[in-house]
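Trainee: I would like a close look at one part of this structure. Please keep to that part and what surrounds it.

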Amino acid sequence: MRGGRWGGAGGSGAAPGARLTRRDFLRAGLVGGAGAAALLTTGRLHGSPRPRSGPSYGFLVDLTKCIGCGACVRACAAENEVPAGFFRTWIERYTVLRDGRVLVDSPEGAFNGFAGDPPLGGDVARSYFVPKLCNHCEDSPCVQVCPVGASYVSPEGVVLVDRKHCVGCGYCVQACPYGCRYISPKGYADKCTFCYHRVAKGLKPACVAACPVGARVFGDLAQPASPVRRIMDVSRYGVLKAHLGTHPKCFYVGLGQEVI
């Protein structure tokens with residue numbers, strides 16, 4: 001499952017380096033814990049945001065709170081008119097077995113949450129939910145490869161797409177190491193924008209407003225009093241694929257080494 005179309009392949013994002021792709025990961029349905037560990041670096045040292053002049057928007061997900069209800073996915077789809085079968089944000093369930101295997105499922109992007117218990121293949125050590133969305137990287141591969149400048153960065157550090165100029169070539173979809181982009185049926189690239197149109201009016205992103213347990217938090221990383229910074233200053237957090245050097249601005253509390 002990627003940020004694109006549901007159905008295993010879900011888009012054609014680039015493989016993370018020369019390592020296991022999410023497509024292969026989910027097709028197999030399992031992976032050894034040691035293999036996944038190399039894809040993740042946690043802690044405030046490696047995941048800290050870089051200084052930026054002016055506002056710098058960031059996102060934080062507290063995995064210790066997420067219940068996998070799918071309210072965020074539905075709110076995003078309604079707010080941004082996301083085509084059926086595509087996702088700007090989605091939720092994956094990670095089930096860690098005692099023998100070290102990891103099972104991952106995301107039925108229809110968790111649009112309707114998760115029905116029943118986690119998929120079993122042995123004794124379960126733990127299971128938790130991991131929401132995914134665009135990481136709005138400081139050094140965004142998707143922006144770098146766009147041949148027409150349709151992918152760009154706002155003054156606040158939000159990675160956006162100019163639909164009028166996008167030619168739908170799909171280079172950005174291939175370049176995103178997080179599988180967060182897709183080509184809309186209307187012919188342009190699309191993805192999470194932190195609900196930039198709402199934030200510009202002083203509102204929270206739709207997914208943040210819809211979360212019933214406060215697992216999603218949005219704010220200005222440049223402001224010590226912002227909701228995101230207050231949590232980051234007292235919590236251990238991580239980012240996805242820190243080794244790639246993209247400097248993501250989507251941070252996770254409670255991130256396990258199994259997550260890719």
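How many of the 10 residues of α4 are buried?

Mentor: 7 of the 10 are buried, so α4 is largely enclosed by the rest of the structure. Buried means under 20% relative accessible area; exposed is over 50%, and partly exposed lies in between (1.4 Å probe, protein chains only). The model is predicted: local features need pLDDT of at least 70, side-chain atom pairs count only at pLDDT 80 or more, and totals for chains, interfaces and linings use all residues. Residues are numbered from 1 along each chain as its sequence is written, and side-chain values use heavy atoms, with hydrogens and water left out.

Start with the helix itself. α4 spans 71-80. (Helices, H or I of at least four residues, and strands, E of at least two, are DSSP runs numbered from the N terminus.) Its buried residues are Ala71, Cys72, Val73, Ala75, Cys76, Ala77 and Asn80. Just after α4, Glu81 takes a positive phi of about 50°.

Now the cover. β3 (90-97), α7 (196-199), α8 and β10 are among the elements that cover the buried residues of α4. Contact here means heavy atoms within 4.5 Å.

The whole structure holds 5 cavities of 30 Å³ or more. (On a 1 Å grid over the protein atoms alone, a cavity is a set of points where a 1.4 Å probe fits but cannot get out; lining residues have an atom within 4 Å of a point.) The largest cavity contains about 100 Å³. (Points join across faces, edges and corners; a volume is the space filled by probe spheres set on them.) It has 14 lining residues, and Cys76, Asn80, Cys192, Cys195 and Cys207 are the closest to its centre. Cys76 and Asn80 are also on the buried list for α4. Both α4 and α8 (206-210) supply at least two residues of this lining. By class, the lining has 9 nonpolar, 3 polar and 2 charged residues. (Ala, Val, Leu, Ile, Met, Phe, Trp, Tyr, Cys and Pro count as nonpolar, Asp, Glu, Lys and Arg as charged, and the others, Gly among them, as polar.)

Last, follow β10, part of the cover of α4. This strand, residues 216-220, gives the largest share of the lining of the largest pocket, 5 residues. (A pocket is an open set with protein on both sides within 12 Å along at least five of seven lines.) The pocket's volume is about 220 Å³. Val208 and Phe218 are among its lining residues.
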